[in-house]
Amino acid sequence: MPQQSSQHKVVAIVDEGSNPFELGVATELFGLRRPELDRPWYDFALCTPGGATRMHSGFFTLTDVAGIDAVDDADTVIVPNRPDPEVLPTDEVLAAVRRAAARGARLVSFCTGAFSLAAAGVLDGRRATTHWRWAGLFERMFPAVKLEPDVLFVDDGNVLTAAGSAAALDLGLHLIRRDHGAEVANVVSRRLVYTAHRDGGQRQFIDRPVPVVADTSLAPLLAWIRSELATPLTVGDIAEHAAMSQATLHRRFQAELGTTPLAWLTSERVALACRLLEAGEVRLDAVARQTGLGTATNLRTQLRRRTGLPPSEYRRRFALTSPRA
């Protein structure tokens, strides 16, 4: 069984003018009951410095939630986004974020929430992202932060930042995947009717017109690749199947997915390896063979690179069944 328990407390700070979409994402992912999952879920709470906070444009007011001191025993703190990024959070909010950082809590921002983290000084020297619209302003205001302006989210250990509003879903599912494993994240994404996994390194937006003919998208090719993961496919094999040059294939992947064919293929193979390990498979050579990763050594390398865990530890944390010898 996973190590995550209901004792893992997630607290979202709501500040004056906070965007309700990101607040809704946090509530949906971490605060909603999950009876379809046979395991404890997160202990989720909202807090605000004043007891009552006017949300975005004054559309409604949030009342009867915890005070800002709820942050002090949270394992994960979601900081407030900024309706006007040039107007920083109150000193009370910044102090709470600094206290959380000092004791090692996991810090998360959605969209312009990166401005809150940066204003608290916890992003100096670290990688982060924010909404592309505010990237230039962010770099001018916080030059000590290593901004990655064109990705969906950045996982920098215990500090994680997401780009635009929809990327909050991607980062939230990434956190669930880190805490509970790939299969549980897939269950949650299915309930959301949302894509199971968009890698954080994907571009925030893609400048391309809607295809005139639906069949010209990469969807049929991606479905074929997924059906052939056990085959030692190369980029050349994929290009040949698609009847296009490798250069054209690379351009199409970058235009439609914001990544390269090889990176996408490897990500799909690792995702399959995670599902096999969660199903209880202990034979690393079998997992490597079924996923097309080739060798147990490559499996260990790729899994650690993407999850931070070796196969044995990943299986110990997230196995849904008894190991299969």
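The model is predicted: local features need pLDDT of at least 70, side-chain atom pairs count only at pLDDT 80 or more, and totals for chains, interfaces and linings use all residues. Residues are numbered from 1 along each chain as its sequence is written, and side-chain values use heavy atoms, with hydrogens and water left out.

**Overall make-up**

The chain has 13 helices and 11 strands. Helices (H or I, at least four residues) and strands (E, at least two) are DSSP runs, numbered from the N terminus. Of the 325 residues in the chain, 50% are buried; buried means under 20% relative accessible area, exposed over 50%, and partly exposed in between, with a 1.4 Å probe and protein chains only. The accessible surface comes to about 14,900 Å², and carbon and sulfur atoms hold 53% of it. This area comes from the Shrake-Rupley method with a 1.4 Å probe. Among contacts (heavy atoms within 4.5 Å) with a separation of 6 or more, 65% link residues 24 or more positions apart.

**The sheet**

An open sheet of 7 strands runs in the order β5-β2-β1-β6-β7-β11-β10, with mixed pairing. Two strands pair if DSSP finds at least two bridges between them. The edges are β5 (66-67) and β10 (153-155), each pairing on one side only. β10 is joined to β11 (residues 159-162) by 3 bridges, and these two strands run antiparallel; F153 has A162 in β11 as its bridge partner.

β1 and β2 are parallel and share 5 bridges, with V11 opposite A45 in β2. In strand β2 (residues 43-48), 5 of the 6 residues are buried, so β2 is largely enclosed by the rest of the structure.

Helix α2 (residues 91-102) touches β1 (9-13), β6 (76-78) and β7 (106-109), and its direction makes about 135 degrees with that of β7. Helix α5 (residues 167-180) lies across β7, β10 and β11, at about 150 degrees to β11.

Axes are lines fitted to C-alpha atoms, for helices over the stretch in contact, and angles run from 0 to 180 degrees between N-to-C directions.

| Pair | Angle | Axes |
|---|---|---|
| α7 and α9 (residues 246-257) | roughly 105 degrees | within 12 Å |

L221, W224 and I225 of α7 meet I238, H241 and A242 of α8. On the α9 side, L221, L222 and I225 of α7 meet L249, F253 and L257.

P261 lies in helix α10 and, at 1% relative accessibility, counts as buried. Leaving aside neighbours within four places in sequence, P261 contacts V235, L249, H250 and F253. G236 is 25 residues from P261 in sequence and 10.0 Å away in space, C-alpha to C-alpha.

In helix α11 (residues 284-291), L284, A286, V287, A288 and T291 are buried. The buried residues of α11 pack against α10 (261-278), α12 (296-307) and α13 (311-318). After α11 comes G292, with a positive phi near 80 degrees.
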